[in-house]
There are 2 protein chains.
Amino acid sequence: MDLLHNPRELQAHADRLRAAGHRIALVPTMGALHPGHLALIAAARRHAECVVVSIFVNPTQFNAAADLAAYPRCLEADLAVCREAGVDVVFAPQENDLYGPGSQTIVEVTELQKPLCGATRPGHFRGVASVVTRLLIAAKPHVAVFGEKDFQQLALVRRLVRDLGFDVEVVGVPTVREPDGLALSSRNVHLTPRRRQQARVLVESLRAAEAAVCAGECRRDALLALAEREVDKAPDARIDYVELRDPESLAPAPAQLVGPTLLALAVHFPRRGDAGETVRLIDNRVLPVGQMQEEAP
Amino acid sequence: MDLLHNPRELQAHADRLRAAGHRIALVPTMGALHPGHLALIAAARRHAECVVVSIFVNPTQFNAAADLAAYPRCLEADLAVCREAGVDVVFAPQENDLYGPGSQTIVEVTELQKPLCGATRPGHFRGVASVVTRLLIAAKPHVAVFGEKDFQQLALVRRLVRDLGFDVEVVGVPTVREPDGLALSSRNVHLTPRRRQQARVLVESLRAAEAAVCAGECRRDALLALAEREVDKAPDARIDYVELRDPESLAPAPAQLVGPTLLALAVHFPRRGDAGETVRLIDNRVLPVGQMQEEAP
């Protein structure tokens, strides 16, 4: 396994692979690798001879300095995970390698960055778009792999790749979950055992909404009320948002849903040991509106 | 000579050339090719086996719909010029090829886009950065060639390429001039013969300032006053800006100049036959402050 820090080295490596006719898959991460990332790496392997995992805690996508400082960093452990998973190249740049002195070029996906997580995290998706562009230019991949858990990020990256014209296939990978359904996240460690139990309400809210849709419910407000009720069963949960939106454009859903619709949740829980601070968990599901009826005549 | 319209075709072409070990030079243009563009093409030829000229009147860098509509379009003549100049590939996309339905991804060089032409043309450099990024991704060049006449654009593209990490060498080419010194521009045709004569004041202003610097003048305000006086010798000239700035950061020059300093001008003249409309001409020179003294002890 190669460990590279400099974008120029990575480009030279990519040029050699491409000249030899090999395909490259990029898995962008912020490290703290868990089985969710292993699913991304496995998907990458199915698409390319060379799997590149980038590990970079991107400062420009954090809103709060405290959140950036608290983000887990464990490069040695991550390298061991990558080696074990058969990764070919780990790209672990320093901040200066991607944002050099005087750096001032930003990338924005102007509409998709606004709603959902963008509403409470100003600048977050500008940071995501700006770093993903840099990573795609550095790694020159044929395929880039992202998790569906960060659904808005995936939609935004698809749009960015299409708009700027990168010849990169964006692959989304289904969310990996704990046995009780909680989506894996490097933030889950910040929950006390009691809040960890309560955090099941996110997936239970998604399941309840899906069951309702399968039973014929397609009224937006009824589904939102149902989803919120499920989240509110956790005494310590505080809803950031519960929303129904178009899965591609992220436009708000109409009063009567007419096709597959994204249900997206963001919920705060108190953070372990930190009075006042919270852990913000997200989850989502595309509800199969209109599909059951078509499939079962 | 190949004529391509689709970014995917251009990328496939670039991949083949790169796999064969050939170098690619891109010359981005908006068409209406004149000898200034031929100098860019000649420079490109010195750097690469394959010269790609893009011809695209980029709508996102125009502030006024009238200016966009009036911009000269003459693809057949431009193709003849390119063929004659030995260009290998002309890339002439339609608007839809670079800005498809729902396109919303923008690129900004946040500081360099603000002063000089950016001050009176809001959004202009966002449009430039957004289209140059798309063109670099489509053409995959080793070298990209820009004229020094659009000095701010050249500085901004250099910054963009460095910040996003494109493995592209940006080459600046000295401005090509008429016999009397007027910088070539596709906008010059909009001047009446009388205003065409008057337009010489731009280059005369630059020459006067350079002569003053060579004679030892390094006071910012004295040089600005001198440059403005020269422009004001044209009865129909209306100054947009006359400024002294750092050639790389475009930061305002200090009261006492201490090193090479950009003198940049933008001047309006009444437009031929169009009551009230104007033609805006720009020109610039890097004044050799502090260099003469060093070279002649």
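Two residues are taken to be in contact if their C-beta atoms, placed from the backbone, lie within 7 Å. On that basis, 72% of the contacts in chain A between residues at least 6 apart in sequence join residues at least 24 apart.

The structure is a predicted model, in which local features need pLDDT of at least 70, side-chain atom pairs count only at pLDDT 80 or more, and totals for chains, interfaces and linings use all residues. Residues are numbered from 1 along each chain as its sequence is written, and chains are lettered from A and ligands numbered from 1 in the order in which they are written.

Chain A holds 12 helices and 10 strands, which are DSSP runs (helices: H or I, at least four residues; strands: E, at least two) numbered from the N terminus. Its radius of gyration is 20 Å, close to the 19 Å that the globule rule gives for 297 residues, so chain A is as compact as a globular protein of that length. The radius is taken over C-alpha atoms, and the rule is 2.2 Å times the number of residues to the power 0.38.

The domain bounds come from an automatic or database domain assignment.

| Domain of chain A | Residues |
|---|---|
| Domain 1 | 2–173 |
| Domain 2 | 188–295 |

The centres of domain 1 and domain 2 of chain A, taken over C-alpha atoms, are separated by 26 Å. In chain A, 9 residues of domain 1 are in contact with 12 residues of domain 2. On the domain 1 side, helix 6 (117–120) and helix 8 (151–164) of chain A are the elements that give two or more residues. Helix 8 of chain A provides the largest share of that side, 3 residues.
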